[in-house]
Amino acid sequence: MMGNEHDTEVEHSELALDLGSEHSVVVEPNSSRLASTRLRLGALPPWARKGLFVLSGATVLLLVASIVGFALNASSQQVAADRLATSEKLEESLTEAKEDLYAANGMVTDLEKEVDTIESRERVVADRQTGLDAREKLVVERETAVQARETAIDAKEKQVEASTFGDGVRVVGTTVQPGTYTTQGGDGSNSVGCYYAWKTGTGSDSDIVDNNIVNGAATVTLRAGEIFESSSCQDWIKVG
């Protein structure tokens, strides 16, 4: 009974435990068990109480270290997880970059093929243009040669025209050049032969100054201002 009364008194009193010269704990009782435990602690010798305090501190430190270690481990795991996620993202980005690079290389290859095709076509066009230029040059040269021939022929024809004439009335120095002309005789249109004459004019009523009829070759000399007429004769050709 005395023990119970003592416990009751302890529950309603303030208990101070001296754990040494440097530490003391003041507690307010909450239950009889807590009071009993405190009385037992108070009954311990000072060295035991000090050891118990050190052990309690070590336990607290160990608990704190465990919490800190757990936190650090969790932090390390989070860092590792973040690094893994970052590595996966980098690998994904690298894969996408490789795919883009592969596609870009394919585009470059296609563009190079197109450039080669265009350059090949340009070479073909250039070769054709060169051929066309050569043909045009040849055509120009031929045209120039033809023009030169035509010019020569025209000159020859004019020369022949100037030095050759047929039947009709001619004004020497105007429609025919002065000089010596010859003919091979009649052209067969008149059985009489080749008729030629010098006249005073070009009209049909002009007088005859001199005339002649030949069956074979004949030669005449025409002077400027004379009017000469021939009929049924082969061409008169200038010989001098």
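## Tyr196 and the S6–S9 pairing

Tyr196 has Ser230 of strand S9 as its bridge partner. The model is predicted. Strand S6 covers residues 194–199 and runs antiparallel to S9, with five bridges joining the two.

These strands belong to an open sheet of four, ordered S4-S9-S6-S7, with antiparallel pairing. Strand S4 (168–171) and strand S7 (208–214) are the edge strands, and each pairs on one side only. On average, neighbouring strands of this sheet are turned by 15° against each other, direction ignored. Strands of a sheet pair through backbone hydrogen bonds.

## The salt bridge

How many salt bridges does the structure hold? It holds one. The side chains of Lys199 and Glu229 form a salt bridge, at 3.4 Å from N to O. Lys199 sits in strand S6 and Glu229 in strand S9. The two are 30 residues apart, so the pair links distant parts of the chain.

Is Lys199 buried or exposed? Lys199 has a relative accessible area of 13%, which is under the 20% limit, so Lys199 is buried. Glu229 has 22% relative accessibility and therefore counts as partly exposed.

Ser232 lies in the loop between strand S9 (227–231) and strand S10 (236–238). Its relative accessible area is 10%, so Ser232 is buried. The side chains of Ser232 and Ser189 are joined by a polar contact of 3.2 Å.

Which residues touch Ser232, leaving aside neighbours within four places in sequence? The contacts are Asp167, Gly185, Gly186, Asp187, Ser189, Asn190, Gly193 and Cys194.

Strand S5 (residues 179–183) pairs with S10 in the antiparallel sense, over two bridges. Which residue of S10 is the bridge partner of Thr182? The partner is Ile237.

How values were computed. Residues are numbered from 1 along each chain as its sequence is written. This is a predicted model: local features need pLDDT of at least 70, side-chain atom pairs count only at pLDDT 80 or more; totals for chains, interfaces and linings use all residues. Side-chain values use heavy atoms; hydrogens and water are left out. Buried means under 20% relative accessible area, exposed over 50%, partly exposed in between (1.4 Å probe, protein chains only). A polar contact is a pair of N or O atoms within 3.5 Å; within protein, one must be able to donate a hydrogen and the other to accept it, and residues adjacent in sequence count only if both atoms are side-chain atoms. Contact means heavy atoms within 4.5 Å. Two strands pair if DSSP finds at least two bridges between them. Axes are lines fitted to C-alpha atoms, for helices over the stretch in contact, and angles run from 0 to 180 degrees between N-to-C directions. A salt bridge is a side-chain nitrogen of Lys or Arg within 4 Å of a carboxyl oxygen of Asp or Glu.
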